[in-house]
Amino acid sequence: NDFSRKPNGYMSSPDYSHLLTRIYGKPREELTLVDERLELPDYQLNTLNSLLDYCESNDVNVLFTVNPQIQGEIERQSRINYAKDLIIQRGFKVIDYYHDEFDSLGLDTTQDFHDGQHTNIHGAIKITNAFSSYLVKNYGFEDKRGRSGYEDWDASVEKYTKLISAY
C-alpha cells in the first residue's frame, strides 16, 4: 500500500487534508528533551551499520536528518541520540532539527504540527525552506525553476501553491 498511491500531480508533495488543516500542539517549553543514550535493538543496529557500511564502501555521501517533533517518548529519543552518535562517529553528517536546530526553523509548536510527530503545511514549509537553503549552501544545489526540462516540476509547484494558498 505504501507504494500504490496514484500520483497526485504535486510531485509527491502531501495533499492530505489533515496535513493542511489540522493543528495540534503544545508549547515547546512543555516538552521533555532527552540527552540520554539507549542502545538500539540488534536488528536496528545491524541494519544501520549495514547501511553505513554500504555508503562507505560505495563512497556515498549521505546527509542524515532528525526531524522535529513535539511528542517524543524518552526511550525513542534516547535511541535516536544513540543512532545519531553512531552515524557521526562513522563520519557522516547529521542535522538534528529536533534537538540542535529546532529553534532555527522558527516553528510554533502550537500551530505548526498536525500531530505529535508530524508538521502540518505551515511547519512543512518552514522545514523545507531551511533544509533547501542548507542544501544550496553546503552542496551547491542549483535552482532549476524556469529551465528547459523542468516544466513538469514548474507546473506541479504552481498547482501545489494554489492548493496550499488557502491555508
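Trainee: How far apart are the end C-alpha atoms of helix 3?

Mentor: Keep in mind that we're looking at a predicted model. Helix 3 covers residues 74-89, so that's 16 residues, and at 1.5 Å a residue they should span 22 Å. The distance in the model agrees with that: the end C-alpha atoms are 23 Å apart.

Trainee: And what residue just after helix 3 takes a positive phi?

Mentor: Step just past the end of helix 3 and look for a phi of about 95°. The residue there is Gly91.

Trainee: What covers the buried residues of helix 3?

Mentor: Start with who is buried: Gln77, Ser78, Asn81, Ala83, Lys84, Leu86 and Ile87. Now look at what lies over them. The cover includes helix 2 (42-57), strand 1 (63-66) and strand 2 (93-96).

Trainee: Which element gives the most to the lining of the second largest pocket?

Mentor: That pocket holds about 250 Å³ of space. Two elements give two or more residues to its lining, strand 1 and helix 3. Among the lining residues are Phe64, Val66, Arg76, Ile80 and Lys84. With six residues, the top contributor is helix 3.

Terms used
Residues numbered from 1 in each chain as written. Predicted model: local features only at pLDDT ≥ 70, side-chain atom pairs only at ≥ 80, totals over all residues. Heavy atoms only, no water. Helix = DSSP H or I, 4+ residues; strand = E, 2+ residues; numbered from the N terminus. Expected span 1.5 Å × (residues − 1). Buried < 20%, exposed > 50% of the residue type's maximum accessible area, 1.4 Å probe, protein only. Contact = heavy atoms within 4.5 Å. 1 Å grid on protein atoms, 1.4 Å probe; cavity = no way out; pocket = protein on both sides within 12 Å on 5 of 7 lines; lining within 4 Å. Points joined across faces, edges and corners; volume = space filled by probe spheres on them.
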